[in-house]
Amino acid sequence: MTHALRVACLLAAILVSGPAATQPADLPTPLLARLDALRADCAGFEGGALTLGEDAISRPDLNGDGTADWALDTHAMACSSAASLFCGTGGCSVSFMVGDVLTERLAKGWRLVQFGPFPTLLLQVHGTNCGGTNQNTCIEALVWDEAAQRFNTVAPPQQ
C-alpha cells in the first residue's frame with residue numbers, strides 16, 4: 001500500500017467515525033455510564049449505531065465558579081435504527097453534571113443564561129408542567145445551590 005493510499009484510508013476512517021470520535025477522554029464516570037447505556041439501547045434496537053452530534057456533549061459553567069461543568073444532550077444524538085429513540089413529545093433527556101452531582105431532565109431545549117449574579121439554566125418543558133397541554137409554552141428555571149449541592153427550582157419535584 002502506498003503512503004498516499006494509507007493517508008487516504010486513515011482520513012476516511014476519521015471521517016466515518018464522525019462526531020462520536022470527539023467524545024472527551026475525561027468524560028466523568030456517571031456520564032460515561034449514561035452514554036454507554038444510550039449506545040446499548042440503540043444497539044438493542046435492530047443493531048443500531050449511535051452517533052453524537054456536535055452539541056451532544058458540552059462544557060457549560062452551570063454553577064458560576066469558573067470551572068466547566070458537563071451537559072449530555074440526547075437531542076444531539078441519533079440512533080441509526082430508531083429516529084425517536086431518545087426523544088418524545090416531552091422532549092429529550094438531558095444530563096447536567098456539576099462536580100459529582102448528576103441531574104437528569106426532560107427538555108425540548110435548554111439554554112444557560114446569566115440572570116444577575118446567577119447562571120440560570122432555562123429548560124423548555126412539556127406544557128403539562130404549567131397546567132396545560134403540550135401545545136402550551138412552559139419554561140423551568142434552575143439555579144445551582146452550592147450549599148445543598150443541587151439545582152433549585154420552583155417546579156414540583158420530578159418523579
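User: Where does Thr120 lie?
Analyst: Thr120 lies in strand 9, which covers residues 118-124. Keep in mind that this is a predicted model.

User: Is Thr120 buried or exposed?
Analyst: Thr120 counts as buried, because its relative accessibility is 6% and buried means under 20%.

User: What lies 3.1 Å from a polar atom of the Thr120 side chain?
Analyst: The backbone oxygen of Phe118.

User: New topic. Where is Thr74?
Analyst: Thr74 sits in a loop. Strand 3 (70-73) is on one side of that loop and strand 4 (77-79) on the other.

User: Buried or exposed, for Thr74?
Analyst: Buried, with a relative accessible area of 2%.

User: What does the Thr74 side chain reach?
Analyst: The side chain of Thr74 reaches the backbone oxygen of Ser93 at 2.9 Å. Ser93 is also among the contacts of Thr74 beyond four places in sequence. That list also holds Arg34, Leu38, Phe86, Cys87 and Cys92.

User: Now the whole protein. How many helices and strands?
Analyst: Two helices and eleven strands. Along the sequence, the pattern reads α-α-β-β-β-β-β-β-β-β-β-β-β.

User: What share of the residues is buried?
Analyst: 32% of the 159 residues count as buried.

User: And how much accessible surface is there?
Analyst: About 9,400 Å². Carbon and sulfur atoms account for 59% of that surface.

Key:
Residues numbered from 1 in each chain as written. Predicted model: local features only at pLDDT ≥ 70, side-chain atom pairs only at ≥ 80, totals over all residues. Heavy atoms only, no water. Helix = DSSP H or I, 4+ residues; strand = E, 2+ residues; numbered from the N terminus. Buried < 20%, exposed > 50% of the residue type's maximum accessible area, 1.4 Å probe, protein only. Polar contact = N/O pair within 3.5 Å; in protein donor to acceptor, adjacent residues only side chain to side chain. Areas by Shrake-Rupley, 256 points an atom, 1.4 Å probe, with all protein chains shown as cover. Contact = heavy atoms within 4.5 Å.
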